[in-house]
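Please keep the structure open while reading.

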Amino acid sequence: MVTSVPRLVIAAPSSGSGKTTVATGLMAAFAARGLAVSPHKVGPDYIDPGYHALATGRAGRNLDAYLCGPELVAPLFLHGARGCDLAVVEGVMGLYDGAAGEGELASTAHVAKLLRAPVVLVVDASSQSRSVAALVHGFASWDPEVRVGGVILNKVGSDRHEALLRDALDASGVPVLGVLRRAARVETPSRHLGLVPVAERRPAAVEAVAAMGAQVAQGCDLAALEGLARSAGALPGSPAPWTPVRPPADSTRSAGKRAPVVAVAGGPAFTFSYAEHTELLASAGAEVVPFDPLHDEQLPDGSAGLVIGGGFPEVYAAELSANEPLRKAVADLALSGAPVAAECAGLLYLCRELDGRPMCGVLDATARMSERLTLGYRDAVAVGDSVLAAAGTRMRGHEFHRTVVEPGAGAAPAWGVRAPVRRVEGFVQQGVHASYLHTHWASEPGVARRFVERCRTS
């Protein structure tokens with residue numbers, strides 16, 4: 001069993017330091033050298049993994065110790081890294097920033113320790129010189145279990161600036177493994193929830209990722225970085241790779257019957273999905289068929305169930321509303337009692353309207369944009385039985401949106417949520433389960449099995 005994949009964690013003192021640029025650039029640069037690179041992202045973010053996938057040609061995968069539990073981080077890492085020569089893990093926020101009020105839980109440092117991986121610290125050096133040594137020393141010495149194996153200086157202004165930074169760091173004991181100048185070509189546009197996803201700007205994203213790779217290859221010591229990655233030893237406890245749960249031998253598929261078709265929304269409006277979700281659906285016996293609600297006027301033939309994940313329907317409200325044939329098809333499927341699982345953007349799409357534009361009308365609720373950002377991890381319990389979970393099932397989730405749904409819960413809510421205040425939220429009606437909560441099904445594989453079984457029998 002392989003438990004010693006060469007690996008690096010790319011971290012920073014704070015958000016905005018350049019982690020995504022450096023991590024994505026490293027992935028692209030190593031891939032250009034002929035290495036099979038496994039891309040990973042600490043935390044729940046869906047957007048950065050899209051850029052990682054462009055850089056490596058492999059699915060970007062998340063490692064979230066809050067959503068999935070610390071015990072699944074290494075197995076999920078090994079699952080994603082099968083057959084790879086090297087793995088690059090992009091951190092989240094600052095190196096030691098974790099779930100609010102939970103200490104180190106779900107921080108980049110926590111994941112680095114769970115993977116026993118060396119850390120490369122990306123420092124925005126644009127407004128400092130000698131002080132960089134104090135900053136790097138502090139981060140490298142804060143937790144003796146976190147091995148900061150090198151630093152990459154980002155946004156360096158000139159040769160003179162670089163010389164001052166290198167001179168200051170000479171005494172820190174942390175080697176400089178790269179120096180990057182300011183470069184507009186590698187910048188990626190942002191809006192209300194972060195970077196614009198790859199699916200919305202693919203040609204420009206391809207160009208940006210290529211530029212990141214070129215900049216990192218020119219400014220970083222790739223040989224030293226690869227050597228640091230190869231210095232990582234075996235993972236603690238010699239864990240086995242995570243695998244989707246396979247259906248039993250006497251399943252519907254094994255009996256020669258057609259697998260139920262589960263339609264999964266995609267395209268630019270619905271880009272938020274964890275790779276493990278479709279793997280779990282397929283392993284539970286479903287035929288997973290993607291479709292694009294912006295362009296497809298009908299659901300995939302024979303759809304027995306529907307999954308609508310997160311994304312940006314508010315950006316595409318006019319186009320989604322204009323696709324009346326598909327809105328009707330979704331409403332008809334839901335009315336038939338077929339299983340429908342909707343998260344965040346999917347919840348908005350099922351409402352009567354979004355910012356005054358007609359949506360599918362499955363839920364007797366309206367949605368609108370808001371100035372307020374709702375963000376954070378949530379502990380949740382299923383209030384009643386649904387196509388996803390039996391009453392009392394406990395899961396952890398994440399909210400991330402600037403929208404409001406009124407009312408916030410139906411007569412039969414989806415979840416009881418503990419934080420930040422006790423409340424119920426979401427909707428369960430017939431076969432529909434709709435909620436703002438993003439969940440990671442690897443933490444509760446029974447969700448996918450239950451959903452597919454309902455698709456067979458509804």
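The text below describes a predicted model, beginning with a sheet and the helices on it.

Six strands make up an open sheet of mixed pairing, in the order β11-β10-β12-β13-β21-β20. At its edges are β11 (287-291) and β20 (427-429), each of which pairs on one side only. Neighbouring strands are turned by 15° against each other on average, direction ignored. Within the sheet, β13 and β21 pair in the parallel sense over 4 bridges, and Ala342 has Ala434 in β21 as its bridge partner.

Helix α11 (residues 324-335) packs on this sheet and touches β11, β12, β13 and β21. The direction of α11 makes about 110° with that of β12. Helix α13 (residues 446-457) lies across β10, β12 and β13, and runs at about 145° to β12.

The lining of the largest cavity comprises 27 residues, with His277, Val307, Gly309, Glu343 and Trp441 nearest its centre. At least two lining residues come from each of β10 (261-265), α9 (275-283), β12 (303-308), β13 (340-343) and β21 (432-435). By class, the lining has 18 nonpolar, 8 polar and 1 charged residues.

Another contact joins two helices. The axes of α1 (residues 19-32) and α7 (residues 202-219) come within 7 Å and cross at roughly 85°, so the two helices are roughly perpendicular to each other. Residues of α1 including Val22, Leu26 and Ala29 are part of this contact, as are Val209, Met212 and Val216 among those of α7. By class, the contact has 8 nonpolar, 6 polar and no charged residues.

Technical notes
Residues numbered from 1 in each chain as written. Predicted model: local features only at pLDDT ≥ 70, side-chain atom pairs only at ≥ 80, totals over all residues. Heavy atoms only, no water. 1 Å grid on protein atoms, 1.4 Å probe; cavity = no way out; pocket = protein on both sides within 12 Å on 5 of 7 lines; lining within 4 Å. Nonpolar A, V, L, I, M, F, W, Y, C, P; charged D, E, K, R; others polar. Axes fitted to C-alpha atoms, helices over the stretch in contact; angles between N-to-C directions. Parallel < 35°, antiparallel > 145°, perpendicular 65-115°, else oblique. Contact = heavy atoms within 4.5 Å. Pairing = 2+ DSSP bridges.
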